Amino acid sequence: MNHKEEISTVLENISRELDVFTANDNNAGLLGGYTGCALFYAYYYQHTSGDEHLNKVLMIMEKSIQALAEQPMNGSFCGGVAGVGWCVQHLTQMGFIEEDELEDAFGEIDGMVADFMEETLSAGKNDFLHEGLGTALYFLERPLPVAKPVLERLVGYLASSAHRYPAGITWKDVFSSRSEQYKTTDLYNLGLAHGVPAILAILGRIYEKGIARDTARRLIEEGISWLMTTRKSEKEDGESLFPVLKDASGNSVGDVHSRLGWCYGDLGIATMLLGAGKRLQRADYTETALTIFHDVAKHRNEKNGAVYDACLCHGSAGIAHILQQAAMATGDPAIEKAAANWLQITLGMNTWQDGPAGYKFFHHPDYHNSYNVLEGIAGVGLSLLGFLQPDVKPGWNNSLLIS
């Protein structure tokens with residue numbers, strides 16, 4: 001079914017709603033604030049060629065660059081300097097910003113982000129969104145002489161903080177272990193937002209860049225070896241193949257059945273494996289990824305996936321986008337059909353009279369308005385644009401490790 005008209009209408013509504021949000025919001029974060037909305041307008045401009053959307057990109061980035069100079073931010077990717085800096089570089093590569101206008105400013109940003117990386121990773125804080133791991137994406141966009149020594153140190157920190165088991169290696173989830181309940185427990189997170197799949201996805205990108213290749217490859221292969229041991233030996237149809245957390249004894253902690261989404265669940269693991277298969281030329285990783293995608297396509301739905309809204313992080317738009325990108329990479333018709341199904345679900349969720357562009361987003365116990373990339377309408381818009389312009393490679397994928 002062709003949803004082109006319906007998607008176009010939703011995108012127009014999202015664009016109007018984001019006009020107000022970006023003018024008034026004070027959170028400069030890439031994934032949780034207004035900076036990420038520049039990604040929406042940039043890709044929307046590619047689709048429409050509308051000057052008003054180009055002007056919005058420039059306005060938002062001017063505001064973001066000013067915030068880098070004036071607002072206190074840490075070096076993290078989701079809400080800090082690394083994410084804003086990544087976006088500036090990405091839009092420069094797309095031709096929206098003149099490179100020579102900003103290069104002098106990056107010297108100071110390089111130092112701040114590197115310091116944050118050192119401080120957090122040396123303490124074993126490997127979370128992608130909020131701790132040291134996400135800084136790699138910023139440096140992967142920098143010139144090689146700047147990036148190489150920092151990323152070599154990052155790989156070194158990951159090598160030294162890995163926990164070794166007979167089946168391979170893994171990394172402690174310090175972010176989840178902050179909970180009083182788990183302070184004395186080594187937990188290993190299987191989600192793409194905060195866990196082992198993100199570490200492996202970052203290492204794959206560093207390997208692809210030609211940096212610390214021997215160590216990066218060893219860590220990836222030993223990490224995937226461990227990760228595959230967490231797959232359930234038996235499960236009912238509609239249940240996840242992987243749990244949410246494992247402890248040092250190999251027992252599942254918390255929910256054995258994981259939600260379906262970008263942040264947690266089988267899709268993040270499959271996405272990482274697909275990327276590792278491509279970068280390391282490992283057909284076995286690709287085959288395992290396809291097995292997981294096929295299970296999702298055949299058995300998962302809104303109910304057993306705990307899908308309550310349309311957001312990129314844990315909602316239907318993120319599921320649709322991941323499946324669409326996997327279908328494009330593999331040419332697999334079952335995955336393509338599943339992506340179309342989740343697109344239809346996403347388009348059917350804009351029924352809120354008092355929600356931006358008809359959408360609201362679930363934060364227990366209520367639904368709320370949200371505008372950003374990770375949990376709001378900017379992310380929904382980016383996902384929908386991918387279905388209108390499948391010939392355009394969505395470079396924004398990298399900000400969520402989906403490529």
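This is a predicted model: local features need pLDDT of at least 70, side-chain atom pairs count only at pLDDT 80 or more; totals for chains, interfaces and linings use all residues.
Although A212 is not a glycine, its phi is positive, at about 45°. Most residues other than glycine have a negative phi, and most peptide bonds are trans.

S49 is a residue other than glycine with a positive phi, near 60°, and is placed in the loop between α2 (37-48) and α3 (51-70). With a relative accessibility of 52%, S49 counts as exposed. A positive phi, near 55°, is also found at Q281, which follows α10. The peptide bond between H364 and P365 is cis, with omega about 10°; P365 belongs to the loop between β6 (361-363) and β7 (366-368).

Helix α10 itself comprises 15 residues, 266-280. At 1.5 Å a residue, this helix should span 21 Å, and the separation of its end C-alpha atoms, 21 Å, agrees with that expectation. The helix is mostly covered, as 14 of its 15 residues are buried.

The largest nonpolar core contains 137 residues, of which L91, W262 and F293 touch the most other members. Helix α8 (residues 196-208) supplies the largest share of this core, with 9 residues. Apart from neighbours within four places in sequence, F293 is in contact with L267, A270, T271 and L274, and also with I322, L323, A326 and I335.

An open sheet is formed by 3 strands in the order β3-β4-β5, with antiparallel pairing. The antiparallel pairing of β3 with strand β4 (residues 245-247) extends over 3 bridges. L187 has D247 of β4 as its bridge partner.

Aromatic contacts were examined next. A pair of aromatic rings is described by the distance of the centres and the angle of the planes. The structure holds 14 aromatic pairs. In one of them, the ring centres of F77 and W86 are 6.1 Å apart and the planes meet at 70°, so the arrangement is edge-to-face, for which the angle must be over 60 degrees. F77 and W86 are both buried. Y359 and F361 form a stacked pair, with 6.4 Å from centre to centre and 20° between the planes. Y359 counts as buried because its relative accessibility is 0%, and F361 is likewise buried, with a relative accessible area of 1%. Ring pairs also link Y308, W352, F362 and Y367 into a cluster.

Charged side chains are positioned over aromatic rings as well. The charged end of R213 sits over the ring of Y207, at 3.9 Å from the ring centre. In a second case, the charged end of R282 lies over the ring of Y285, 4.3 Å from its centre.

L241 is located in the loop between α9 and β4. Its relative accessibility is 6%, so L241 counts as buried. When residues up to four places away in sequence are not counted, L241 touches R231, K232, K235, D266, I292 and D295. The C-alpha atoms of L241 and G134 are separated by 26 Å, with the two residues 107 residues apart along the chain.

G379 is situated in helix α14 (residues 377-388). This glycine has a relative accessible area of 0% and is therefore buried. Leaving aside neighbours within four places in sequence, G379 is in contact with L312, N372 and V373. From C-alpha to C-alpha, G379 and V392 lie 17 Å apart in space, at a sequence separation of 13 residues.

Definitions and conventions:
Residues are numbered from 1 along each chain as its sequence is written. Side-chain values use heavy atoms; hydrogens and water are left out. Helices (H or I, at least four residues) and strands (E, at least two) are DSSP runs, numbered from the N terminus. The expected span of a helix is 1.5 Å times one less than its number of residues. Buried means under 20% relative accessible area, exposed over 50%, partly exposed in between (1.4 Å probe, protein chains only). A nonpolar core is a set of buried Ala, Val, Leu, Ile, Met, Phe, Trp, Tyr and Cys residues joined through side-chain atoms within 4.5 Å. Contact means heavy atoms within 4.5 Å. Two strands pair if DSSP finds at least two bridges between them. Rings of Phe, Tyr and Trp (its six-membered ring) pair if their centres lie within 6.5 Å; planes under 30 degrees apart count as stacked, over 60 as edge-to-face and the rest as tilted. A charge sits over a ring if NZ of Lys or CZ of Arg is within 6 Å of the ring centre and within 35 degrees of the ring normal.
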